[in-house]
Amino acid sequence: MTATPLPPAVDPAHLTEALRASGVLGAGSVRQVTVLSARDIIVSRIIRLRLSYDGPAPDAPETLILKVAQENFAKTLWQAGHQEVAFYRNVAPRMPKHLAPRCFDSLWNSDTHAWHLLLEDLSETHELATEWPLPPSLEQAASIVEALSRLHAAWWDHESLGQSIGTFADITAMDQVMAEFAGHFERFAALLGDRLTAERRDIYYRFIKASPRLLQRYHSRRNVTIAHGDAHIWNFLVPRHGVNDRVRVFDFDQWRINVGANDLAYMIALQLYPERRRDIEGELLDRYHGTLVSHGVNGYSRAALSDDYRRGVLWQITKPVWQWTAKIPPVIWWNNLERIFLAVDDLGCRELLD
């Protein structure tokens, strides 16, 4: 059912060892692995597996999700897979339960860029809120934002940030990133020609010039957390109708230490068209802030969140350029470009450039 060779990770003997190490398999052993389905997403391939066992295996999973590199992106796009493997090894074990799928095995090979994750299969209990690009209902969006807020609250100004969890980029490193971005933007603008207006070009140039000042918020290292980095609503699984469970977050290949509101700006301002965004934006920011407070975050006001959100919206003008650089299809980055500039105008983000 799949042309992609399955990695050694799905060998029954290897699976037996991994499941035993995870504490879900005792005396039994994996006898056979069957591919139930396989599909490509933009940068990875998702394969659903069914496992059969010899001997007692009452707590062992009947199915698993195998996530591997999508061939076209195996050696591109910021070394896809590397960050997510690091997340499941170092970050997920220290998070509250019921936020992310459980990981039973992981691999990243720096020489070949081969990688895989063997994840809990939530297909029977959870689903995507909508079919892309249909926006979610307010109820769905609120539950997703609350899950994101719980993730952020768990790592808010945590003493491990920059120590055993993630790294802080220093001023020199961020200056280098922005210099790289400036070069990408020149090529991006040349490609678009008159499809990128002079006014929008000017905003990009002003933004690049203002970036050292805008980055002071990040360099303060205050009110920061583990940000997802790709927090669109289709990277969240909501409980199916009648299932009493919580939203799960997945696809952590771009996690980093950052200002949490940047995830909100990515989810709301970059992904939603103006009318829908205006209808639910304020309610979602309220839900996010209320969840932070209820999970122990102090000293971060609702007004501070609004300020960070506007800055985050402005930062999202970089996203279409990076996506184009990484060869993400235009159906994604072009629509993101249009939506984010409409949000920049609505929220008065140009004022932040002065």
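This is a predicted model: local features need pLDDT of at least 70, side-chain atom pairs count only at pLDDT 80 or more; totals for chains, interfaces and linings use all residues.
Residues are numbered from 1 along each chain as its sequence is written, and side-chain values use heavy atoms, with hydrogens and water left out.

Phe188 and Trp333 form an edge-to-face aromatic pair, 5.3 Å centre to centre with 65° between the planes. For such pairs, the ring centres of Phe, Tyr or Trp (its six-membered ring) lie within 6.5 Å; planes under 30 degrees apart count as stacked, over 60 as edge-to-face and the rest as tilted. Phe188 lies in helix α4 and Trp333 in helix α11 (residues 330–346), so the pair ties together parts that are 145 residues apart in sequence. Helices here are DSSP runs of H or I with at least four residues, strands are runs of E with at least two, and both are numbered from the N terminus. Both Phe188 and Trp333 are buried. Elsewhere, Phe181, Phe185, Tyr204, Tyr205, Trp322 and Phe341 form one aromatic cluster.

Now to the sheet. 5 strands form an open sheet with antiparallel pairing, in the order β1-β2-β3-β5-β4; two strands pair if DSSP finds at least two bridges between them. β1 (29–40) and β4 (103–108) stand at the edges with a single partner strand each, so one side of each is left without a neighbour in the sheet. For β4, 5 bridges join it to the antiparallel strand β5 (residues 115–120), and the bridge partner of Cys103 in β5 is Leu119.

Finally, visit Thr130, in the loop between β6 (126–127) and α3 (138–154). At 10% relative accessibility, Thr130 counts as buried. Its side chain makes a polar contact with the side chain of Trp234 at 3.0 Å. A polar contact is a pair of N or O atoms within 3.5 Å; within protein, one must be able to donate a hydrogen and the other to accept it, and residues adjacent in sequence count only if both atoms are side-chain atoms. Not counting residues up to four places away in sequence, Thr130 touches Pro135, Pro136, Gln140, Ile233 and Trp234, where contact means heavy atoms within 4.5 Å.

Definitions and conventions
Buried means under 20% relative accessible area, exposed over 50%, partly exposed in between (1.4 Å probe, protein chains only).
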